[in-house]
Amino acid sequence: MKGLDLEHWCLYRERSVYETLEYLKRKGWILKEAQKEVNRLKNNGFINEERFAKAFVSGKHKINKWGKHKILAGLQKHNLSQDIQKIALSTLDEEIYQSSLIHLIRNQKNRRSKNQLIKWLMGRGFEYQIIVTLLAKEKIFNIIFLKNYSLNKINYNFRSEEHTSELQSHSFI
């Protein structure tokens, strides 16, 4: 594989040094030559580990709906430094993070028991404490929503009966 082909491969999406070295090894490159090529790509801006880490975090959360623990495990697989991992994870907006977790809870709560849901969400990398907190808030929301819905239904039925008796008194029915 020539340098130009590697540049195109790096331009397709963000790549880590680890991923690039593994790719070159699979293609039959000698380790020393592969490291030289990776250094050339880094110096020319085709590989940037911080940029890769931020893109990885963003994509895995937005597209795959992964939590922080699973994302961190993915970053560690790429042999990124802890500083880069922290910088990349700090780019996750906490409000968006929690709203995506709430969305997953709402989509799955009727399909699974509470314990199954917690295990499933933890398997996706979300933190236990946040899951439990949001489940409690969701339960309170549902109780308030259902209570208001029931009260509105009762008021509507009461008004309907009132309206019906009023119509009957005017001989419309």
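Contact here means heavy atoms within 4.5 Å. Helices (H or I, at least four residues) and strands (E, at least two) are DSSP runs, numbered from the N terminus. The model is predicted: local features need pLDDT of at least 70, side-chain atom pairs count only at pLDDT 80 or more, and totals for chains, interfaces and linings use all residues. Residues are numbered from 1 along each chain as its sequence is written, and side-chain values use heavy atoms, with hydrogens and water left out.

The protein has nine helices and zero strands. Its pattern along the sequence is α-α-α-α-α-α-α-α-α. The protein has 173 residues, of which 31% count as buried. Buried means under 20% relative accessible area, exposed means over 50%, and partly exposed lies in between (1.4 Å probe, protein chains only). Among contacts between residues at least 6 apart in sequence, 60% join residues at least 24 apart.

Two packed helices are described by the angle between their axes and the distance between the axes. Axes are lines fitted to C-alpha atoms, for helices over the stretch in contact, and angles run from 0 to 180 degrees between N-to-C directions. Angles under 35 degrees count as roughly parallel, over 145 as roughly antiparallel, 65 to 115 as roughly perpendicular and the rest as oblique. A crossing is left-handed if the near helix is turned anticlockwise from the far one by less than a right angle, and right-handed if clockwise. For residue classes, Ala, Val, Leu, Ile, Met, Phe, Trp, Tyr, Cys and Pro count as nonpolar, Asp, Glu, Lys and Arg as charged, and the others, Gly among them, as polar.

Helix 4 (residues 49-62) packs on helix 5 (residues 68-77) at an angle of about 145°. Their axes are 10 Å apart. The crossing is right-handed. Helix 4 contributes Ala-53, Phe-56, Val-57, Lys-60 and His-61, which meet Ile-71, Gly-74 and Leu-75 of helix 5. This contact has five nonpolar, two polar and one charged residues.

Helix 2 (residues 17-26) and helix 3 (residues 31-43) pack at about 140°, and their axes lie 10 Å apart. The two are therefore oblique to each other. Helix 2 and helix 3 cross in a right-handed sense. From helix 2, the residues Val-17, Thr-20, Leu-21, Leu-24 and Lys-25 take part. In helix 3 they meet Leu-31, Ala-34, Gln-35, Glu-37, Val-38, Leu-41 and Lys-42. By class, seven residues of this contact are nonpolar, two are polar and three are charged.

The axes of helix 7 and helix 8 come within 11 Å and cross at roughly 140°. This pair is therefore oblique, and its crossing is right-handed. Leu-101, Leu-104, Ile-105 and Gln-108 of helix 7 make the contact with Leu-117, Trp-120 and Leu-121 of helix 8. Six of these residues are nonpolar, one is polar and none is charged.

Charged pairs were examined next. Side chains of opposite charge can pair when their charged atoms come close. A salt bridge is a side-chain nitrogen of Lys or Arg within 4 Å of a carboxyl oxygen of Asp or Glu. The structure holds ten salt bridges.

One of them joins the side chains of Glu-22 and Lys-25 (3.4 Å, N to O). Both residues lie in helix 2, three residues apart, so about one helical turn separates them. Glu-22 is partly exposed, at 26% relative accessible area. Lys-25 is also partly exposed, at 44%.

In helix 3, Arg-40 and Glu-37 are three residues apart, about one turn of the helix. Their side chains meet in a salt bridge (2.5 Å, N to O). Arg-40 is partly exposed, with a relative accessible area of 26%. Glu-37 counts as buried, at 12% relative accessibility.

Another salt bridge links Glu-138 and Lys-109 (3.4 Å, N to O). Glu-138 lies in helix 9 (residues 128-169) and Lys-109 in the loop between helix 7 (94-108) and helix 8 (114-123), so the pair ties together parts that are 29 residues apart in sequence. Glu-138 is buried, at 6% relative accessibility, whereas Lys-109 is partly exposed, at 28%. Elsewhere, salt bridges that share partners join Glu-7, Glu-37 and Arg-40 into one network.

Glu-7 lies in helix 1 (residues 3-12). Glu-7 is buried, with a relative accessible area of 16%. Neighbours within four places in sequence aside, Glu-7 is in contact with Arg-40, Leu-41 and Phe-46.
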